[in-house]
Amino acid sequence: MAPDTINTLGGEVTVNGRRYRLPKRPSVVVCIDGSEPGYIERAVEAGRAPWFGKVLTEGTNLIADCVVPSFTNPNNLSIVTGQPPAVHGISGNYFLDPDSGQEVMMNDPKFLRVETLFPSLQRAGCRIAVVTAKDKLRGLLGKGLALGPGKACSFSSEKSDKATLAENGIEGVNALVGLPVPDVYSAGLSEFVFAAGVKLMERDRPEIMYLSTTDYIQHKHAPGTPAANDFYAMMDGYMARLEALGCGIVLTADHGMNAKFGADGKPDVIYLQDLFDGWLGKDKARVILPITDPYVVHHGALGSFAVVYLPDGAADMTGKLKVVPGIEAVLTKAEAAQRFELPADRLGDLIVVSTKHKVLGTSAARHDLSGLTEPLRSHGGVSEQKVPLIANRPLAASAAGRRWRNFDAFDLGLNLVA
Ligand SMILES: [Zn+2]
């Protein structure tokens, strides 16, 4: 087993303009997908999460702002780069590529405009482990790493059986973890991430570990419900094991989650493409939903953030949109880029945000809601911006008055806790 002495010389790295001390002990950052404030607290109150209970009182317990759009990819990339999307370029899960004119997933590492923290930390001597639930994030998170035994690994639960030394820096993942490949729509997909994290820490003791789950449970179950408490009880056990292995642990979320349905239990949707078709003519405007991804069963591609491309010469539509009930904000490209720290070249002409309990769709006919077995819970807006930022050690430096962001997670873990 390697000693935890990489920082004996007090080394540090600077990445994207921020300074990070090299870890004295294994440093684990966990992104709990969709962990709205309240999930952890309700599980603690129910007596299901004793490790979290101890950490909330004896460690660091903060509320942070995530990046808007409050979606998975922009926020995961912010956490691992320490910067907002204006810097790293990942503005959604999905966008209209101005180079090709095609609507594409933003999973391709070519869209990432800066390095993550991981290559710098690796060059400074840290071994790195990155484990995600869904494979869609793996390429982005692992970009620039020299993969291989004793160096770094990067793999997903979803494709754990496909992991190879060449592609992922590890093989035989299922045998190591002792679990088969989980169903992509299950709590098991996230449990596999934690189980793998514990096994990797026991076997390889990487100095830096990033674990990123999926929000399958949070999309379906509110804080304090039995399924949610089961999920956090499961996580609690794995976190206790990582702590027993000597790890410093920071937990945050990529975004919160809110109920988005009406009194009838059906999703409360504003269909923007249908509105624009009525105002401008069919398909004159183009509505893009950056929540879109291949795994739509739990949200039907319905979130609280949309971008709209208008035809040349179109009248100002802001006034028309603003009076639609449930619209929280309508911003021009420049206004949105400034307010939400987004890359202007990857936004449409208008950016639309819906209120806490409403979602935005394209056309009613284009959303398959048959997979929604529970009333819709989703995210994307300003209403899902508050997330936990928790560490298992107390805050050492005085940081009063600071606006915490979820992408301060590595700063907190490496620089600011005892
Ligand atoms: Zn997410």
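User: Starting with S27, is it buried or exposed?

Analyst: S27 has a relative accessibility of 5%, so it counts as buried; buried here means under 20% relative accessible area, exposed means over 50%, and partly exposed lies in between, with a 1.4 Å probe and protein chains only. Please keep in mind that this is a predicted model, in which local features need pLDDT of at least 70 and side-chain atom pairs count only at pLDDT 80 or more, while totals for chains, interfaces and linings use all residues. Residues are numbered from 1 along each chain as its sequence is written, and side-chain values use heavy atoms, with hydrogens and water left out.

User: Which element is S27 in, and what does S27 touch?

Analyst: S27 sits in strand β3, where strands (E, at least two residues) and helices (H or I, at least four) are DSSP runs numbered from the N terminus. Leaving aside residues up to four places away in sequence, S27 touches E207, I208, M209, G248, G413 and L414, a contact being heavy atoms within 4.5 Å. The C-alpha atoms of S27 and M209 are separated by 6.3 Å, although the two residues are 182 apart along the chain.

User: And V28, what are its accessibility and its contacts?

Analyst: V28 is also in strand β3, and with 0% relative accessibility it counts as buried. Apart from residues up to four places away in sequence, V28 touches M201, M209, L211, L242, C247, G248, I249 and V250.

User: Switching to the metal, which residues hold the zinc ion?

Analyst: The zinc ion is coordinated by D33 (OD), T72 (OG1), D254 (OD) and H255 (NE2), at 2.0 to 2.2 Å. Donors are N, O and S atoms within 2.8 Å of the metal (3.2 Å for Na, K and Ca), and water is not among the atoms, so sites may look incomplete.

User: Why is the arrangement called irregular?

Analyst: The four donor atoms subtend angles of 91 to 139° around the zinc ion, which makes the arrangement irregular. Four donors count as tetrahedral if all angles lie between 85 and 135 degrees; four count as square planar and six as octahedral if opposite donors are over 155 degrees apart and all others between 65 and 115, and anything else is irregular.

User: Where do D33 and T72 come from in the fold?

Analyst: D33 lies in the loop between β3 (27-31) and α1 (39-45) and T72 in helix α3 (residues 72-81), so this pair ties together parts that are 39 residues apart in sequence. Both D33 and T72 are buried, and the spacing of the donor residues along the sequence is D-x38-T-x181-D-H.

User: What about the packing inside, which residues have the most contacts in the largest core?

Analyst: The largest nonpolar core has 46 residues, and F155, M239 and L251 have the most contacts inside it; such a core is a set of buried Ala, Val, Leu, Ile, Met, Phe, Trp, Tyr and Cys residues joined through side-chain atoms within 4.5 Å. Helix α9 (residues 188-203) supplies the largest share of this core, nine residues. A second, separate core of 42 residues includes L117, V130, L145 and A409.

User: Which residues does L251 touch?

Analyst: Among the residues that L251 touches, not counting those up to four places away in sequence, are V30, I32, W51, F52, M235 and M239. W51 and F52 belong to helix α2 (residues 50-58), where G53, V55 and L56 are buried along with them. What covers the buried residues of α2 includes α1, β4 (60-65), α11 (226-244), β10 (248-252) and β19 (386-391).

User: Last one, how many helices and strands does the chain have?

Analyst: The chain has 15 helices and 19 strands, and 60% of its 418 residues count as buried.
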